Amino acid sequence: MRVFIIAAITADGFIGRHSLHGSDWTSREDKKLFVRLTKEAGVMVMGSHTFATINRALPGRRNIVLTSRPDVIQIEGVEATNDAPAELVARLEKESTAALAVCGGASVYAQFMEAGLVDELYLTVEPLLFGKGVPLFSGELDAKLTLLDTEQINDNSILLHYAVQHDRER
Ligand SMILES: NC(=O)c1ccc[n+]([C@@H]2O[C@H](COP(=O)([O-])OP(=O)(O)OC[C@H]3O[C@@H](n4cnc5c(N)ncnc54)[C@H](OP(=O)(O)O)[C@@H]3O)[C@@H](O)[C@H]2O)c1
């Protein structure tokens, strides 16, 4: 199963101003890219803080929310789970899932990276500076990336597409 991270970041590396800040600052082109890539994947996972900024199931995709209190999130079309990332990936693999889009936030991105589960990253760099806020990853990492592709998606925004080098390649 292919597992990828998808995120929009400011030019100074933040994904939001605070943990309940939504995505009102990202470009139209990034929003379109998010819809396309998550629909192609078919399954998306996010943390409960990120879900709180959306609070509904996104159509045309399987919506999985990580939370320590799965019973609290009772929303049609949303699967809440307290599986650890590796358990979730193993479960989806058993179900023959082809791809999983990891949609944040910082704690979820970090957990999937730390567990060595991520194959690729799509990062849209938006032309903004927050100065402080929620970083892309909430924990320390030691990862090396290979640049697969770059694309200028509008006058000011760049899409970076990376592969994660796993230990055997490093
Ligand atoms: N720019 C972007 O592309 C982008 C994308 C996504 C998010 N964001 C931003 O990121 C920020 C939120 O990030 P965040 O790190 O604060 O929160 P988050 O990762 O969205 O959610 C964290 C919460 O999810 C639950 N959780 C996470 N991992 C879990 C696990 N393994 N098992 C059970 N529960 C788990 C816990 O909540 P419980 O209390 O429910 O247990 C945890 O407090 C917001 O500003 C959002 O807008 C930006």
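**Figure 1. Buried residues of helix H4 in the predicted model.** In H4 (106-114), Ala106, Val108, Tyr109, Ala110, Phe112 and Met113 are buried, that is, they have under 20% relative accessible area, where exposed means over 50% and partly exposed lies in between (1.4 Å probe, protein chains only). Helices (H or I, at least four residues) and strands (E, at least two) are DSSP runs, numbered from the N terminus. Just after H4, glycine 116 adopts a positive phi of about 70°. This is a predicted model, in which local features need pLDDT of at least 70 and side-chain atom pairs count only at pLDDT 80 or more, whereas totals for chains, interfaces and linings use all residues. Residues are numbered from 1 along each chain as its sequence is written, and side-chain values use heavy atoms, with hydrogens and water left out.

**Figure 2. The largest nonpolar core.** This core has 31 residues, and Leu100, Val102 and Phe112 have the most contacts inside it. A nonpolar core is a set of buried Ala, Val, Leu, Ile, Met, Phe, Trp, Tyr and Cys residues joined through side-chain atoms within 4.5 Å. Elements that give two or more residues to the core include strand E1 (2-10), strand E7 (120-126) and strand E10 (158-165). The largest share, six residues, comes from H4. A second, separate core of 18 residues includes Ala41, Ala99, Cys103 and Leu159. In soluble globular proteins, nonpolar side chains tend to be buried together.

Figure 3. Serine 96, which follows H3, has a positive phi near 60°.

**Figure 4. Parallel strand pairing.** Two strands pair if DSSP finds at least two bridges between them. E1 and E6 run parallel and are joined by four bridges; phenylalanine 4 has alanine 101 in E6 as its bridge partner. E3 and E6 also run parallel, with two bridges, and alanine 101 is the bridge partner of methionine 44. E3 and E4 pair in the parallel sense over five bridges, with glycine 47 opposite leucine 66 in E4. Four bridges join E4 to the parallel strand E5 (residues 78-81), where alanine 80 stands opposite valine 65. Four of the five residues of E4 are buried.

**Figure 5. Surroundings of the ligand.** The ligand is surrounded by 26 residues, the closest being His18, His21, Thr50, Thr67 and Ser68; a residue is near a molecule or strand if one of its heavy atoms lies within 4 Å of it. A nitrogen atom of the ligand lies 3.1 Å from a backbone N or O atom of isoleucine 15. An N or O atom in the side chain of serine 48 is 2.8 Å from an oxygen atom of the ligand. For serine 107, a polar side-chain atom lies 2.9 Å from an oxygen atom of the ligand.

How values were computed:
Polar contact = N/O pair within 3.5 Å; in protein donor to acceptor, adjacent residues only side chain to side chain.
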